[in-house]
Amino acid sequence: MLTLQCPYCGVQCDETELSPGGEAHLTRFGPGSDDTEFEQYLFLRENPRGVHFERWRHAYGCGKWFHAARCTMTLEVFGTYPAQVTEPPADLIEKIREKRPGWRWRDLA
Amino acid sequence: MSTRLATGGRLIDRGARVEFTFNGKRLSGYAGDTLASAMLGAGQTLMGRSFKYHRPRGVVASGAEEPNALMGIGTDGHFEPNQRATTQELFPGLTARSQNHWPSLEFDVGGINKHLSRFLPAGFYYKMFIHPRPFWKHVYEPFIRQSAGLGAAPRDRDADTYEHYYAHVDVLIAGGGIAGLAAALAAGRAGAKVLLVEQAGHWGGRAPVDGAVIDGKPAEAWIKDAVQTLEDMDNVDLRLRCMAAGVYDHGYALCYERLTDHLADKAGPRHRLWRVRAGRIVTATGAIERPLSFAGNDIPGVMLASAVRDYVVNWAVSPGDRTVVVTNNDDAYRTAIALKKAGLEVPAVIDARAAPEGPLVEEVKSLGVKVLSGKAIAKVKGRKFVTGVAIAAQAGEGAVLEEIACDAVAVSGGWSPVVHLWSHCGGKLTWDEAQAAFRPNPDKGPTGADGAVFVIPAGAANGEMATSSVLSDAHAAGAKAAGADAGDAPTAEVTAEGPIAPVWMMPQGAKPELRAKAWLDYQNDVKVSDVQLAAREGFESVEHAKRYTTLGMATDQGKLSNINGLATLAHALGEDIPQVGTTTFRPPYTPISMGSIAGEARGALFQPLRRSPLHGWHEANGADFEPVGHWRRPYTFKRGDESREQSVAREINNTRQGLGLLDASTLGKIIVKGPDAGRFMDMLYTNMMSTLAPGKCRYGLMCSENGFLMDDGVVARLDEDTFLCHTTSGGADRVHAHMEEWLQTEWWDWKVYTANLTEQYAQIAVVGPKARKVLEKLGGMDLSAETLPFMGWATGTLAGIPARVFRISFSGELSFEVAVAAGQGLALWEALMEAGQEFGVMPYGTEALHVMRAEKGFIMIGDETEGTVIPQDLGLSWAISKKKDDYIGKRGQEREFLASPDRWKLVGLQTLDGSVLPEGAYAVAEGTNANGQRNTQGRVTSTYHSPTLDRGIAMGLVKDGPDRMGEVLTFPRVDGTGVEARIVSPVFFDPEGEKQNV
Amino acid sequence: MSEVVSALHGRRTEGSVAVRDTGPRGMIQVRGDLGAEALQSVCREVAGSGFPGQGGAEVSDQGAVLWMSPDEVLVLTARDRAAEGVTRIGAALAGTHHLAVDVSDARAVIALEGAGLREVLARLTPANMHPEAFRPGQMRRTRLAQVAAGIWLTSETSAELICFRSVADYVFDLLANAAASPAVGHLPVA
């Protein structure tokens, strides 16, 4: 059972205080998009053996959505950050690069 | 036979006799006894029957690893089966029953199974499933049922209570032996918050039994001092009878504290399940001795050498007058020494090694004990108890060289570190050739949130077996866990020991008839021959062989048998043990009670029950409740001896003809406010909501991004900036979360705030031709058709209570929904009931609500929708704005299969005979599908008896339905007959809406 | 105006840790820019207390301001002053993007009193109740068994908590059940 720090409250949350929300940093495709784009948006997901960016909601706390960078194998948490961004913060990416040389996620590396 | 010795016993109080019963027989022991030691002390060596062959079994071990001595303990509401006699502490009045026997422990009919043993080989169950088929039901299954299963299930409701407790510590230390104590001292002195848990009822583990000397003191004295030192530390919490049961992600651990199992007085919670979040977890869980496999190694009287020593030293119990020790290592010699010191006979030590030597061996020889080196037990003699052993050369096939009379056998096959907690969360193991054991691989431990290994094995659990290295390793582990420098560790005297011989089976080339009597797993009755058969039949993976033979799958999870089984499998496959690998260790370490897992969640606290502000009134007035999510809503309010159906019909008729009241408080009520609220509402709903005028209401549909209809409800525009969204009863939290998700993660620059006000208001639907009259009688607001037209809302006071009144209808009647502060809901309800008397007011429940909406052809989320239905399927295209470029779900609905004209669409269904269509029934079509089933062309989504029309009415989704009005479909019933129904409009009642528009 | 009833109708249990319904309470949900002076000062005025920072609870004799999220506080005041409070906040924040609503009846406020209250709570919440981790002045929104709650300490031996009205009886029963259990003896006692 994981613990993640809510970047809004600053508290270390128990997993049972959170609800999971799948992959982070999806780009919405609405009317006018073609089937491939829409399929990508709605159904296709990363499933890495390694660092992943995922969405969590502090459901039993402030109710806010945040993102976490977490290794799916070692469960190491590299950081959490508010959801109001389109890509992970640069310093977090740098931190992951240092710890995991050769790491890739979508077009991030 | 076993008996109590006249002197000694470090854990018992001879001044305190304790009476207990076993199978109804009165026995006595001493305070400090376990049930097992007390039974042995009372001469009761036969403790149970085995699972498959019902062989007589005695106790093998002295702790949590015990596979045989399982008891049903307690009576009535305190009864629990499958409790280990070795971990059950004795208390006055304890009642224990043995298991797996009929009619009695001494004479068991199932014991004939052993004569059938050649028909019950490995994989018996799998093989028997196959042929001949008719045999399964009448022969095999009854036979298996008779012999399967351990103790009896409790018959009474559990009379005990249980609780959870969340603890947050820097360091959790599992195990209170000298390793755990040394680790706790190191971590505690470093200032860390420490929780030290020990599964047994005393500290120190087995060091005192083994005669260790620590820091110049006898182990007993060192332990006492260490515990005292730790108790004086505010930052250390020590817990006896508390087992670390499992280790999970990010330093989460479950500890199982048994509060009253050792007491006659059962007041207070029985078990406390600790839900611990620890920075680091030190596993000081010690090691478990392995038996050796030889013929007859399951006969009562054959015990682990360490257990024999424990019983003698801890409880002054002699397992037998003449005990033969059989071993492949030096440690078992300590047992010979302990027995001799207690004045008991040791006819021989049988050592599989060719030339054992060292101080322990010399000491045993000096005590006059014969050491037979290079020898093995060919077989143990006896049936319900040991009468002797036949000796053979370890190198041979079992030709008997001599026989030795004895009444107990102490066996040691070496020690296995208890690596369970290390492994639970992914810690890997490495094979230690020198000790012939798996131990934690320090480079491959489970990692925590910080990326560092968070489990630190210590002492014997880390493969450090000598007392001195146990202490130094555990001290270092404790310091490391606390993030401190190690400093000086406690020291111990060193006793040199010779190397172990990796012997698993005796003798090395045992003949088949011996292997078929050489037990690996006592509890599941798995023998060496079974594992070898599995290997021959191609079960090469250890995980497959385990499941095929059931080795290690009993309640003891193979604590004694796994390594021996692995070694046997490896040998049969001609591979090395590390190549074969281990099976997976899963929590809990030993079984924990179901009650402890539930904690407080039972009875009234099993699940939160959501009560509306009017719940108390409903309870007091005959409400027949139904669950709606966690809410309880009145299904109907029964009067006298009415049936449910009669009650519902009365409520409907009364509402349609006079006046009904519905508690609609559970409806979701969410405020959406801000300069961008209109824009947001247009995305949220399929309708154009931004054009809704303040003071007006509009029915809206909400879809998921997939396009599927997820919720519906009436939206009221409160002012230019503010909307109030009503949701379904079960949907408020989900819809609110849905709104916040879009606002926070997609349109975070939009200026919109939401607030879930569901619980702020009591909402009462006042429904029927007399609805306006009763509200006017309460007074305070002008609710005339001119001032408050259909789909309008207004605020004011009713009966002196501030209220917001919505003129909306889900029944087709003249209807007002009145929202007031929840704390005044009951006052309004009672005022309405009183004022409504002259109009024949009656409350109605959810079923009347459902029937009335169905009579009007209104859809219900969850009936007409099931997650794959789009609004267009339901004839709701009118509620989908064509002017909007986008809304959530719009792109999804454009997908080919959703835009297809072939989709099943909503229609009304009217049975030709007036009966009620079965729920969920399908309409059949011509032909069959690939599986030979009838093709279908539609299904029933809602079906009721309409009291208004006095016949069955239904709604359903039918292929091309709206274009097939008047056609008759056939809906098969479960009994094979069919019901015919005509496709009609889904609006069965008042299609022009005349009743609600008055 | 008819009398307002709280969800728990004044329920209470005595014991080493007492559990008590505090009765009707004025509660105002305020969402907006928590950094804005106008918002902070009107909340201070209505509550008669200070204004909390992240994760804080500012409590006085007359009321409290509880930090609920980065854009939300809950202002506590007397029940009969809530409506006026909403009006004052609305007036003070007119023209700025905000939301202020009376939620006095949406929740129940339960008080705990007794030295063992941390261990009563620790039976139900995964949040750390150790005195070093949870102190007076903090607001902890968390889970009590199966429902959401918010807890703040009013002293070392007293606390208040909020939960939704519909589950008030469930929460009260949870607390009363936990309070009736013998002390665990894990946490230092105040």
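Predicted model: local features only at pLDDT ≥ 70, side-chain atom pairs only at ≥ 80, totals over all residues.
Student: Among contacts in chain B between residues at least 6 apart in sequence, what share joins residues at least 24 apart?

Tutor: Two residues are in contact if their C-beta atoms, placed from the backbone, lie within 7 Å. Among contacts in chain B that link residues at least 6 apart in sequence, the share that joins residues at least 24 apart is 65%.

Student: How many helices and strands does chain B have, and what percentage of its residues count as buried?

Tutor: Helices (H or I, at least four residues) and strands (E, at least two) are DSSP runs, numbered from the N terminus. Chain B has 25 helices and 51 strands, and its C-alpha atoms fill a box of roughly 115 × 70 × 55 Å along the principal axes. A residue is buried if 20 or more other C-beta atoms lie within 10 Å of its own, exposed if 12 or fewer, and partly exposed in between, with C-beta atoms placed from the backbone.

Student: Is B:Glu866 buried or exposed?

Tutor: B:Glu866 is found in the loop between helix 23 (846-855) and helix 24 of chain B. B:Thr941 is 75 residues away from B:Glu866 in sequence, yet the two are 9.5 Å apart in space, C-alpha to C-alpha. Because B:Glu866 has 12 other C-beta atoms within 10 Å, this residue is exposed.

Student: Which element gives the most to the side of chain B that touches chain A?

Tutor: This contact takes 21 residues from chain B and 19 residues from chain A. On the chain B side, two or more residues come from helix 20 (732-745) and from helix 24 (890-893). The most, 4 residues, comes from helix 20 of chain B.

Student: Which element gives the most to the side of chain C that touches chain B?

Tutor: Here the contact takes 38 residues from chain C and 38 residues from chain B. Strand 3 (26-31), strand 7 (99-102) and helix 4 (168-179) of chain C are the elements that give two or more residues to the chain C side. The most, 5 residues, comes from helix 4 of chain C.

Student: In the hairpin of strand 9 and strand 10 of chain C, which residue takes a positive phi?

Tutor: Two strands pair if DSSP finds at least two bridges between them. Strand 9 (residues 139-144) and strand 10 (residues 147-155) of chain C pair in the antiparallel sense over 6 bridges, with C:Leu144 opposite C:Val147. The hairpin has 2 residues between the strands, and the residue with a positive phi near 50° is C:Ala145.

Student: Which element gives the largest share of the side of domain 1 of chain C that touches domain 2 of chain C?

Tutor: The bounds, from an automatic or database domain assignment, are domain 1 (7-24 + 106-180) and domain 2 (25-103) of chain C. The contact takes 13 residues from domain 1 and 12 residues from domain 2 of chain C. Strand 8 (107-113), strand 9 and strand 10 of chain C each give two or more residues to the domain 1 side. The largest share, 3 residues, comes from strand 10 of chain C.

Conventions
Residues numbered from 1 in each chain as written. Chains lettered and ligands numbered in written order.
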